[in-house]
Amino acid sequence: MSTMKFCRECNNILYPKDDKDRRVLLFACRNCEHQEIADNNCVYRNEVQHAAAERTQVLQDVASDPTLQRTREVRCATCGHGEAVFFQATARGEEGMTIFYVCCNPSCGNRWRE
């Protein structure tokens, strides 16, 4: 990813600009006519990092979501509660969809998948 660039002519910030005719990314000064071709096509990258506690809280809140389907056909292996919320999603590093279950017992919150 490129860092902030400055104009060689007037020292103002260079902003990303596309040249549609040549199909290249440029950095252009808004004060003078200076332009230079970007050495990297990445203008901005936002990396979101979550703490493990944030992910756990989100999954525990899933059990109280009224829009998700519930089932009484499974039993929690941790507390023995007979109701769980389930949803389908892709598991990290795996292809295809996986069914995830979250125990509806508020004091449990156990998560498992099929």
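Modeller: One term before we start: two strands count as paired if DSSP finds at least two bridges between them. Also, this is a predicted model.

Biologist: Fine. Which residue stands opposite Phe100?

Modeller: Arg113, in strand S7, stands opposite Phe100.

Biologist: How many bridges join S6 to S7?

Modeller: Three bridges join them, and the two strands run antiparallel. Strand S6 covers residues 97-103.

Biologist: What is the strand order in that sheet?

Modeller: The order is S4-S5-S6-S7, an open sheet of four strands with antiparallel pairing. Strand S4 (69-71) and strand S7 (111-113) are at the edges; each has a single partner strand, so one side of each has no neighbour in the sheet. On average, neighbouring strands of this sheet are turned by 35° against each other, direction ignored.

Biologist: Back up a bit. What does the protein have in the way of helices and strands?

Modeller: One helix and seven strands. Starting at the N terminus, the elements run β-β-β-α-β-β-β-β.

Biologist: And how much of the protein is buried?

Modeller: Buried residues are 26% of the 114 residues. The protein exposes about 8,900 Å², and carbon and sulfur atoms supply 45% of that.

Biologist: Now charges. How many salt bridges are in the whole structure?

Modeller: A search finds five. One of them is between the side chains of Asp39 and Lys5, at 3.8 Å, N to O. Asp39 is in the loop between S3 and helix H1 (52-62), while Lys5 is in the segment before S1, so this pair ties together parts that are 34 residues apart in sequence.

Biologist: Is Asp39 buried or exposed?

Modeller: Asp39 counts as exposed, because its relative accessibility is 64% and the exposed class begins over 50%.

Biologist: Which residue does Glu36 meet in a salt bridge?

Modeller: Glu36 meets Arg8, side chain to side chain, at 4.0 Å, N to O. Glu36 lies in strand S3 and Arg8 in the segment before S1, so parts 28 residues apart in sequence are tied together.

Biologist: Why does Glu36 count as buried?

Modeller: Because its relative accessibility is 17%, and buried means under 20%.

Biologist: What does Arg72 form a salt bridge with?

Modeller: With Glu83; the closest N and O atoms are 3.9 Å apart. Both residues are in the loop between S4 and strand S5 (84-90), 11 residues apart. Arg72 counts as exposed at 67% relative accessibility, and Glu83 counts as buried at 17%. Salt bridges with shared partners join Arg70, Arg72 and Glu83 into one network.

Biologist: Change of topic. Where is His34?

Modeller: His34 is in the loop between strand S2 (24-29) and strand S3 (35-37). With 13% relative accessibility, His34 counts as buried.

Biologist: What is His34 in contact with, leaving aside neighbours within four places in sequence?

Modeller: With Cys7, Arg8, Glu9, Leu14, Phe27, Ala28 and Cys29. Arg8 also came up above as the salt-bridge partner of Glu36.

Biologist: Which residues form the nonpolar patch on the surface?

Modeller: Met4, Phe6, Ile13 and Tyr15, with about 380 Å² of accessible area together. Ile13 is in the segment before strand S1 (14-19). Ile13 is partly exposed, at a relative accessible area of 31%.

Biologist: Last topic, backbone angles. What is phi of Asn11?

Modeller: Near 65°, a positive value in a residue other than glycine. Most residues other than glycine have a negative phi. Asn11 is in the segment before S1 and is exposed, with a relative accessible area of 61%.

Biologist: And what is phi of Arg23?

Modeller: Near 55°, again a positive value in a residue other than glycine. Arg23 is in the loop between S1 and S2. Arg23 is exposed, with a relative accessible area of 75%.

Technical notes:
Residues numbered from 1 in each chain as written. Predicted model: local features only at pLDDT ≥ 70, side-chain atom pairs only at ≥ 80, totals over all residues. Heavy atoms only, no water. Patch = residues over 30% accessible without salt bridge, like charges linked within 9 Å, V, L, I, M, F, W, Y side chains within 5 Å. Areas by Shrake-Rupley, 256 points an atom, 1.4 Å probe, with all protein chains shown as cover. Buried < 20%, exposed > 50% of the residue type's maximum accessible area, 1.4 Å probe, protein only. Contact = heavy atoms within 4.5 Å. Axes fitted to C-alpha atoms, helices over the stretch in contact; angles between N-to-C directions.
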